[in-house]
Amino acid sequence: MFWGSLTRLGLVVALAGAAIDQASKLWLIYVFDLAARAPVRLTPFLDLVLVWNKGISYGLFPQEGPVGKWVLLTLKIVAVVLLLVWLARTHTRLTAVSLGLIIGGAVGNAVDRLVHGAVADFVLFHITTEAFHFSWYVFNLADAAIVAGVIGLLYDSYVGDGAVKAP
């Protein structure tokens, strides 16, 4: 139920994704001291800032107390278990890598919630001109891994070899 021919590949990707996410957050928070230095302009459209997200994606449903924190962690654990079952049953490398990215991102953010009570977000994408200003939500590498994984799953389901094709 939890092990298939591509499970190892997906788990290696998940472990690498979670490790890179956690390493980046630990370095930015404790070594670079992003909270004291923010904002740090990387490019005209990309800054580093530190935001503690107490909710789910995009800060929705913020949870201040311990009950909310544990509810969100429980939901994340259930989601990861279901993704592991899917990973065990997959037959394409792209799906295994994509699920690994999603699982790794979920685990990386879950570690934050468990240790800090909130998820550390730090990448701010924005476009600013004299007449226009657009700011995307602040995100982290775990979020980017989850998005990349979803894009991989969508690609595999619509274009990949196993995609359902019209006659």
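This is a predicted model: local features need pLDDT of at least 70, side-chain atom pairs count only at pLDDT 80 or more; totals for chains, interfaces and linings use all residues.
Residues are numbered from 1 along each chain as its sequence is written, and side-chain values use heavy atoms, leaving out hydrogens and water.

Reader: How many salt bridges does a search of the whole structure find?
Author: A salt bridge needs a side-chain nitrogen of Lys or Arg within 4 Å of a carboxyl oxygen of Asp or Glu. Searching the whole structure by that rule gives 3.

Reader: Which residues are linked in a network of salt bridges?
Author: Lys 25 bridges to Asp 21, with the closest N and O atoms 2.8 Å apart. Lys 25 also meets Asp 112 at 2.7 Å, N to O. The network links Asp 21, Lys 25 and Asp 112.

Reader: Is Asp 47 buried or exposed?
Author: Asp 47 forms a salt bridge with Arg 41, at 3.4 Å between the closest N and O atoms. Buried means under 20% relative accessible area, exposed over 50%, partly exposed in between (1.4 Å probe, protein chains only). Arg 41 is exposed at 57%. Asp 47 has 8% relative accessibility, so it counts as buried.

Reader: Which residue in β2 stands opposite Val 40?
Author: Strands β1 and β2 (DSSP runs of E, at least two residues) run antiparallel. They form a hairpin with 2 residues between them. Opposite Val 40 stands Leu 48.

Key:
Two strands pair if DSSP finds at least two bridges between them. Helices (H or I, at least four residues) and strands (E, at least two) are DSSP runs, numbered from the N terminus.
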